[in-house]
Amino acid sequence: MGHTAQQAKTLWALTLTLLVAMAANAAEFYVAPTGSDSDLGTLDRPFATIARAQKAARAARKAAAEPVTVYLRTGTYYLPRTLVFTSEDSGAMDAPVVYTTPKTEKAVISGGMKLELQWKPWKNGIMQANVPPGTKTDQLFANGQRLHMARHPNFDPRQRIFNGYDKDCFSPGRAARWADPKGGFIHAMHRNMWGDFHYLITGKDQKGNITYVGGWQNNRRNGMHNQFRFVENIFEELDCPGEWFLDNKANRLYLYPPEGLDLKTAIIEGVRLTHLVEFNGSPRQPVRFITIKGLTFRHAARTFMDNKEPLLRSDWTIYRGGAVLFSGAEDCTLEDCFLDQLGGNAVFLSMFNRRVAIRACHIARAGGNGVAFVGDPNAVRSPLFECSSTQKLKDIDRTPGPKTDNYPVNCVVEDCLIYLTGRVEKQTAPVQIAMSRAITVRHCSIYDVPRAGINIGDGCWGGHLIEFCDVFDTVKETGDHGSFNSWGRDRYWGLEDVDLNTVTLGELKDLPLLDTVDPIIIRNNRWRCDHGWDIDLDDGSSNYQISNNLCLNGGIKLREGFHRTCQNNIMVNNSFHPHVWYENSRDIFRRNIVFTDYRPIRAPAPWGTECDFNLLHKPGPAEPAPAARLQQQSGLDANSITADALFVNPAQGDYRVDQNSPALKLGFNNFPIDRFGVRKPQLKILARTPRFPKVDAKPAASRAPGRGNTLHDWLGAKIKDVAGIGEVSASGLPGEVGVLVAKLPNDSNAAKIGIRQGDVILRLGNTRTDSADTFLSAYAALKPGRQIALTVYRDQKPRTINLATPSQ
């Protein structure tokens, strides 16, 4: 029964009086699904909604500057709209506002809705039920587990990429089976495996071809992969247990129940909201001192079609939002929470944020990123966005650092378990950092993800600290990446009128540090990547300090950049990968333990300022000897040696060295090997750890079968097959294809026609030249005295050179 206006005023006055009395010793309010918003919010008479408790907490804070705690009793709270905190909800350092749950209880914050359904059979084991008109959901949950939209090919957990793919998934032949595919989706990998693309199907044309829009989810729009694709949300593909389809026109839900699901008792839930909670402040009026603790967040919509904003010349675009969104927050905390199966980004810190902590959280199966920090592009001086864009020195702002303060600073992700993110979007990471400063990622366990575990998208503005993390089973669906990945395509990178080989020798020596004003520190972590590098500093990454890292498989790659110090690291069954280096880079590589020769690609010796006191591990009783091969490769390493490092117990992951190890004499220091990953006992029980490699195993083959390193003569140049992930990455190729120009004398005929060292020959006329043998055979078969187009790949773009065949 409703209240009269006078009754409502009286009730509110009584409530306010109670709030003031409670505030004298700190206010507490209770919420329960069985409560009533017309009650007082006490333990015995709880509110029904969080929104009502928020009003009460706000009033209590205004009445007295004392702590406020809102307790959510056990149950699921289906939010009708996003819960938004503003500066009016703020607490203070000595009087915070806390939203939590009583010990031993479990409260779920849901952006979805429970569907009350009357099921009846349709056909072939598929059930159907009517839903209220206007019902929309892009995900369906049965007893808390996310089901799969009707898709082709069917979901197969054994398949690494997309859990199943078919290059003909939307071919005219396949589409002929579909009466009306409008509203379906195409998901495809990037042509070069640098992430993915997504498309909304709009229908069919008159010829039966599928029409679609999208493909904006990657900052390098090279097109979709010709093999790795699948479609979903197509009614006719509903053919497998665990799949579902919602017919919005008929307001009918179809479900092929998974084995063991009893629809008579099952709780079926859909999704309504994209954001569940927002901290919505500004630099002048921030949201301050609010903590959310011990809650579970579920049922947030997918956002892959809204992922459009390009980031600074990285490969990324971003959707600036998440299930929990911080924008304009100070000293706020998300602690001890479970963020479960959310459709897009789990946590997003956008623009101005200060001292925000994500602590002791469990983040699993998010569709997008786990935790993302992304500042304002307008805070960047002379920003560029598309990867191939360049500018000139005279046109850039040469003031160091940012223009404004509108970006995250001094925030932390600590003691968090994050895994199986990127369930929908593959160009994502458990932790993503872009246009931010002094972000700390500490004691996190991160694994089972499609791309990097931790990604730093640009040098703006440095000061980050990555320590005591355990990151492995990464780059599982993409390529040319690492468990840690970074880019540094900052103001200095690719300047048209600056010789970056000599920039550190003159008055422009500080140019590479205009954006990365503070060093980025990566220390005391354990990494393992089986599909790339353990640590991958890609294009332009500068001003890094990398130390005390245990790299279990992929080694450490440093592509062109400046001022990187890499010391006291262990690279098991692998080595150091200097790729495409600038001369005079001011890099340092010292006191590291490697298991193989270095693996340089287009890195002219000598390397950097110092490359020395390194140990090339060779097990056995032989006496230490000079590392002649390392010296030959780097042009330095005068004091480096080949010897047995004398590891304590590598089979169990203990890569400390014995007290008699020759590595100690070189200045190597043991570092803790039992402090990686999460520390909270409840998370530590759940967290996996990486497989330890076979001790002193032969490194895995770095190139595909049939690819060779034999050098062939052609027009005075030395050419070879593109072979191995290193050469693929250095050239920015989609795979091991083409013929690499490995050596090119300046006076060679190849140089005279415009060939450059590092070019990759892809075609001779209409002939694909996938190998040196193919190319040389095709070249020998050319008729003399004619012109033919030679297609080469240079600076990650195809170029055409006119080649005149010699006359007989």
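What follows is a quick chat about salt bridges and strand pairing in this predicted model.

Q: How many salt bridges does the structure hold?
A: It holds 49 salt bridges.

Q: Start with glutamate 309. Which side chain meets it in a salt bridge?
A: Arginine 320. The N to O distance is 2.6 Å.

Q: Next pair. What does arginine 355 form a salt bridge with?
A: Aspartate 331, with the closest N and O atoms 2.8 Å apart.

Q: Is aspartate 331 buried or exposed?
A: Buried, because its relative accessible area is 18% and the cut-off is under 20%. Arginine 355, at 40%, counts as partly exposed.

Q: What about arginine 489?
A: Arginine 489 forms a salt bridge with aspartate 539, at 2.7 Å between the closest N and O atoms. Arginine 489 is in the loop between β45 (482-486) and β46 (520-523). Aspartate 539 is in the loop between β48 (533-537) and β49 (544-547), 50 residues apart from its partner.

Q: Are those two buried or exposed?
A: Arginine 489 is buried, and so is aspartate 539.

Q: Which residues are linked with them in a network of salt bridges?
A: Arg220, Asp315, Asp536, Asp538, Lys557, Arg559 and Glu560 are linked with Arg489 and Asp539.

Q: New topic: strands. What does β66 pair with over four bridges?
A: Strand β68, residues 787-794, in the antiparallel sense. Valine 760 has tyrosine 793 in β68 as its bridge partner.

Q: How many bridges join β65 to β66?
A: Two, and the strands run antiparallel. β65 covers residues 739-743, and β66 covers 760-764. Valine 739 stands opposite isoleucine 761 in β66.

Q: And β67?
A: Two bridges join β66 to β67 (residues 767-768), again antiparallel. Arginine 763 stands opposite arginine 768 in β67.

Q: What phi does glycine 765 take in that hairpin?
A: A positive one, near 65°. The hairpin of β66 and β67 has two residues between the strands.

Technical notes. Residues numbered from 1 in each chain as written. Predicted model: local features only at pLDDT ≥ 70, side-chain atom pairs only at ≥ 80, totals over all residues. Heavy atoms only, no water. Salt bridge = Lys/Arg side-chain N within 4 Å of Asp/Glu carboxyl O. Buried < 20%, exposed > 50% of the residue type's maximum accessible area, 1.4 Å probe, protein only. Pairing = 2+ DSSP bridges.
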